[in-house]
Amino acid sequence: MRFVIQRVSEADVKVDGQTLGKIDKGFMVLIGVAESDTTEIADKMIKKMLALRIFDDENGKTNLALSDVGGSLLLISQFTLYADCKKGNRPSFFKAGNPQMASDLYDYIIAKCIEEGYHTEKGRFGADMKVSLLNDGPFTIVLDSDEILK
């Protein structure tokens, strides 16, 4: 599982011109699911993401977590995080999870973040989404379960 986390001042996602999700300060997270991913892996990734201290404290040090700043989440499914570009110029996506399993895990991640008490907005799995954001910093973190769970 891969999360690309961007600290944002604001972000939104639209499908067919309609806004589906919109947040102010928080994390806009692209979520890629691999065929081998499970809810247990998702739980560990969520825990790590929510604990990241990447917001500035009163001294300008990145020392505050999402909960410390009252931040929100915008969660976007992104199977292309598992693009394999080793051969040729057209990426292969064989490492991405099958759509039904990936959709179920995406929904699980959304539900868990809400359960943890975070204002959570989302895109639409499999849709042609238009994502806009104002990256604060810019500050971008990549979490990969292959590295975190070692």
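Here is a short chat about how some labels in this predicted model come about.

Reader: Which residues of α1 and α2 make the contact?

Author: On the α1 side you have Thr-39, Ala-42, Asp-43, Ile-46 and Met-49. From α2 come Leu-105, Tyr-108, Ile-109, Lys-112 and Cys-113. By class, that contact has seven nonpolar residues, one polar and two charged.

Reader: And what is the handedness of the crossing of α1 and α2?

Author: Right-handed, as α1 passes α2.

Reader: How do you know that the span of α2 is close to the expected one?

Author: Count and compare: α2 has 17 residues and reaches 24 Å from its first C-alpha to its last, against 24 Å expected at 1.5 Å a residue.

Reader: Which residues of α2 are buried, and what covers them?

Author: The buried ones are Met-101, Ala-102, Ser-103, Leu-105, Tyr-106, Ile-109, Ile-110 and Cys-113. Their cover includes β1 (2-15), β3 (26-32), α1, β6 (72-77) and β7.

Reader: Why is Lys-122 called partly exposed?

Author: Buried means under 20% relative accessible area and exposed means over 50%. Lys-122 comes out at 41%, so it counts as partly exposed. This lysine, Lys-122, sits in strand β7 (residues 120-122).

Reader: What does Lys-122 touch, leaving out residues up to four places away in sequence?

Author: Val-13, Leu-20, Gly-21, Leu-74, Leu-75, Tyr-106 and Ile-110. There's also a C-alpha separation to quote: Lys-122 and Glu-10 are 112 residues apart along the chain, with 14 Å between their C-alpha atoms.

Reader: Why is Asp-16 called exposed?

Author: The cut-off for exposed is over 50%, and Asp-16 has a relative accessible area of 77%, so exposed it is. Asp-16 belongs to the loop between β1 and β2 (18-23).

Reader: What is the phi of Asp-16?

Author: Positive, at about 50°, although Asp-16 is not a glycine.

Technical notes. Residues are numbered from 1 along each chain as its sequence is written. This is a predicted model: local features need pLDDT of at least 70, side-chain atom pairs count only at pLDDT 80 or more; totals for chains, interfaces and linings use all residues. Side-chain values use heavy atoms; hydrogens and water are left out. A crossing is left-handed if the near helix is turned anticlockwise from the far one by less than a right angle, and right-handed if clockwise. Helices (H or I, at least four residues) and strands (E, at least two) are DSSP runs, numbered from the N terminus. Contact means heavy atoms within 4.5 Å. Ala, Val, Leu, Ile, Met, Phe, Trp, Tyr, Cys and Pro count as nonpolar, Asp, Glu, Lys and Arg as charged, and the others, Gly among them, as polar. Buried means under 20% relative accessible area, exposed over 50%, partly exposed in between (1.4 Å probe, protein chains only). The expected span of a helix is 1.5 Å times one less than its number of residues.
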